[in-house]
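Open your viewer, load the model, and follow along one selection at a time.

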Amino acid sequence: PMTSTGWMYISLGNTARMFRWAMIATPVYVLSFLIGLPYGAVGVATCYSIAVGILFVPCFLMATHKTAVSFKDAFAVIWPLSLAAGTIGTILHFASGQVGNWLGLFLTGVALFTYLVVALVLILSWPPYATLKEYGMKALKIIRDRIFRSKTTESKI
């Protein structure tokens, strides 16, 4: 979700503020890596995840401060998919730790599929995603029209 703030900074012309945020967040991330390093890859990933969790709200507050995009609007779009990803990821973490590599890989595929289904349902039904749904439907129509137009053109040749 924090990648979204990069899109906001750039599209709103606030790259100087983006740089200031990077000066705040980077030391926190580096410190999280250093704290997790003695515990290996899992420790680094865990500490980084904690750092991201701590910086989540301040990151969005800074990205939306004095802009046309409110924190409330940004959060309304981000929280459902973030919650879904976090929940599915946590379940996957505990489930895959109890099985072998191949079954763990299969469970990862199931988790990905589950997330995609949840995302599709949210995009089609959650009101803050109405614009995204509209753009997606227009894009699908354009793709469909181009595919059928090229098939029609090929059959005439």
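Start by selecting the charged residues: Lys and Arg count as positive, Asp and Glu as negative, while His and the chain ends are not counted. The protein chain has 12 positive and 4 negative charges, and their mean positions are 6 Å apart. Each charge is placed at NZ of Lys, CZ of Arg, CG of Asp or CD of Glu.

Keep in mind that this is a predicted model, where local features need pLDDT of at least 70, side-chain atom pairs count only at pLDDT 80 or more, and totals for chains, interfaces and linings use all residues. Residues are numbered from 1 along each chain as its sequence is written, and side-chain values use heavy atoms, leaving out hydrogens and water.

Next, switch to a cartoon view. You will find 6 helices and 0 strands in the protein chain; helices (H or I, at least four residues) and strands (E, at least two) are DSSP runs, numbered from the N terminus. The radius of gyration, taken over C-alpha atoms, is 21 Å, well over the 15 Å that the globule rule (2.2 Å times the number of residues to the power 0.38) gives for 157 residues, so the protein chain is more spread out than a compact globule.

Now select Lys66, in the loop between helix H3 (40-64) and helix H4 (71-96). Is Lys66 buried or exposed? Lys66 is exposed, with a relative accessible area of 74%. Buried means under 20% relative accessible area, exposed over 50%, and partly exposed in between (1.4 Å probe, protein chains only). Phi of Lys66 is near 55°, a positive value in a residue other than glycine.
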